[in-house]
Number of protein chains: 2
Amino acid sequence: MAALDSLTRLTERMRSATLFAGLPDAEVQRIAAAAHLKQMPAGEYFFLQGDPAERIYLLVEGRLKLSQSAADGQQALLRVIGAGSLFGAVALAQAKEYPVSAQAAADSQAVYWTPLELMEFVKKSPELAINAMKVMAEHVQEFQDRYLQLATERVERRLARTLLRLAAQTGKKTDAGVLIDLPLTRQDLAEMSGTTLFSVSRILNQWEEQGLVAVGRTKVVVVFPHGLVRIAEDLPVKKE
Amino acid sequence: MAALDSLTRLTERMRSATLFAGLPDAEVQRIAAAAHLKQMPAGEYFFLQGDPAERIYLLVEGRLKLSQSAADGQQALLRVIGAGSLFGAVALAQAKEYPVSAQAAADSQAVYWTPLELMEFVKKSPELAINAMKVMAEHVQEFQDRYLQLATERVERRLARTLLRLAAQTGKKTDAGVLIDLPLTRQDLAEMSGTTLFSVSRILNQWEEQGLVAVGRTKVVVVFPHGLVRIAEDLPVKKE
DNA sequence: CGCTACGTTGACGTCCCTCAATTTCGGTGG
DNA sequence: CCACCGAAATTGAGGGACGTCAACGTAGCG
């Protein structure tokens, strides 16, 4: 029954993904049945930047870091994703190589299809293609936005945005505030915000003094989100 | 016969666009026949950021600037495109609004379809969907790259890349070097590189002294591309 | 209990943004 | 054709944000 359980759980996850939105249940189940399973312990990689792009993945359990590195080793942490998210979707667009690396931030399991397998389903269900375009269009927009921000905003603001985004994505309500449920080093936050770990450290401590956040080693709790929003929106920080 | 001429010219343009690659000629012609024409004098806009996204355009003649602006008026010039390029493709992904503004940099003409019209063709030709995904995947990658560059590189390098990209895209060979065939102010170049017009001015003049470029008002000629490449790659600039 | 990765803090430098004052260019109309 | 105007561009001074580097804590893990 384990197999059956996992299959029903899979179709559930799939239904929550934009890619499969609006598809008839029967079709989703057929696609689920064609999926392959892949487990990955924390710290290891589903694929590395430059690997041949021969699989489209859906994360079923765990957390992933998607990062890109330049020739000189400089890195950017582009996104962090949780269960229900697609990754490696470029393979569907017949890209030759993955443009990013996908590292498991926690023990994770994902299912995957080859481009050929998914393509069969695309031919039967054009919605699938539309949905894939939606996913990609969202990404284009997200990066255009972040590009603009990086070009025009200062570090504080970008870091505030990063934390708010993370809180929204992976936030876990606790009595102390919203915990970002993912071990993130200062370096990680720096790579997500386009700055250095030193600046992140200074700013976070400053915010802690102001009661906006509570920080620990690889841990951040957003205590007073509205304060961060004010910083992100570049409004004067309210005092009372 | 003007109509016939323009139709054959249109199908030619379409064939050079990734979106229609690999489609049977007959199908391309059917799609061409369904296109609507739109002329735009230099300086005016095909659409503004925030306008409802109800058309997918193909530029047939002229040049376009695609730019995005933040709430506070800060701008980024995301891309400059020439004939044969698609724009407003997000409409295909059923986005509600255009995320950028599209301004004619020269007198331009474009054809367009509504999402509904193109969708009909998508249903018949899944290749069209695949191609659309390819186009979008390319954009995602481009912006991921540029994001990384903006985050990790200094102004000189970014400006060098911008010029090289422009020279490759819109370059026109002259005996003095490669002319960037498009009136671009220092401000425009600044917005494309994520810096200020002052920095652009200083750097360009410095490069002119070194014989790398020749600059004029709203005009840049790349005289010694290899020198710019060295800067873009962060190698020491060769002297002889 | 010591090693290692993570984090903090200070000093310092510099890149590049900001702002203001001019100059140059190109077009337009008298 | 020249004078004039506005947009584009230059140049300099000044300062501030933030990156760089070094030295030092500190927490967690084997």
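A residue counts as near a molecule or strand if one of its heavy atoms lies within 4 Å of it. This is a predicted model, in which local features need pLDDT of at least 70 and side-chain atom pairs count only at pLDDT 80 or more, while totals for chains, interfaces and linings use all residues. Residues are numbered from 1 along each chain as its sequence is written, chains are lettered from A and ligands numbered from 1 in the order in which they are written, and side-chain values use heavy atoms, with hydrogens and water left out.

**View 1. Surroundings of DNA strand D.** DNA strand D is surrounded by 17 residues, of which the closest are Thr195(A), Ser199(A), Arg186(B), Ser201(B) and Thr218(B). Of the atoms of DNA strand D that come within 4 Å of the protein, 57% belong to sugar and phosphate. By class, this surface has four nonpolar, seven polar and six charged residues (Ala, Val, Leu, Ile, Met, Phe, Trp, Tyr, Cys and Pro count as nonpolar, Asp, Glu, Lys and Arg as charged, and the others, Gly among them, as polar).

**View 2. Side chains at DNA strand D.** An N or O atom in the side chain of Thr195(A) is 2.8 Å from a phosphate oxygen of DNA strand D; for Thr196(A), the distance from a side-chain N or O atom to a phosphate oxygen is 3.1 Å. Two elements give two or more residues to the surface near DNA strand D: α7 (197-209) of chain A and α7 (197-209) of chain B. Here α7(B) gives the most, with five residues. Helices (H or I, at least four residues) and strands (E, at least two) are DSSP runs, numbered from the N terminus.

**View 3. The open sheet of chain A.** Four strands in the order β2-β7-β4-β5 (chain A) form an open sheet with antiparallel pairing (two strands pair if DSSP finds at least two bridges between them). Because β2 (45-47) and β5 (75-82) of chain A each have a single partner strand, they stand at the edges, and one side of each is left without a neighbour in the sheet. Strand β7 (residues 101-104) of chain A pairs with β2(A) over two bridges, and Tyr45(A) has Gln103(A) in β7(A) as its bridge partner.

**View 4. Helices α3 and α4 of chain B.** Helix α3 (residues 115-124) packs on α4(B) at an angle of about 115 degrees, with the axes 5 Å apart (axes are lines fitted to C-alpha atoms, for helices over the stretch in contact, and angles run from 0 to 180 degrees between N-to-C directions). The two helices are therefore roughly perpendicular (65 to 115 degrees; under 35 is roughly parallel, over 145 roughly antiparallel and the rest oblique).

Key
A polar contact is a pair of N or O atoms within 3.5 Å; within protein, one must be able to donate a hydrogen and the other to accept it, and residues adjacent in sequence count only if both atoms are side-chain atoms.
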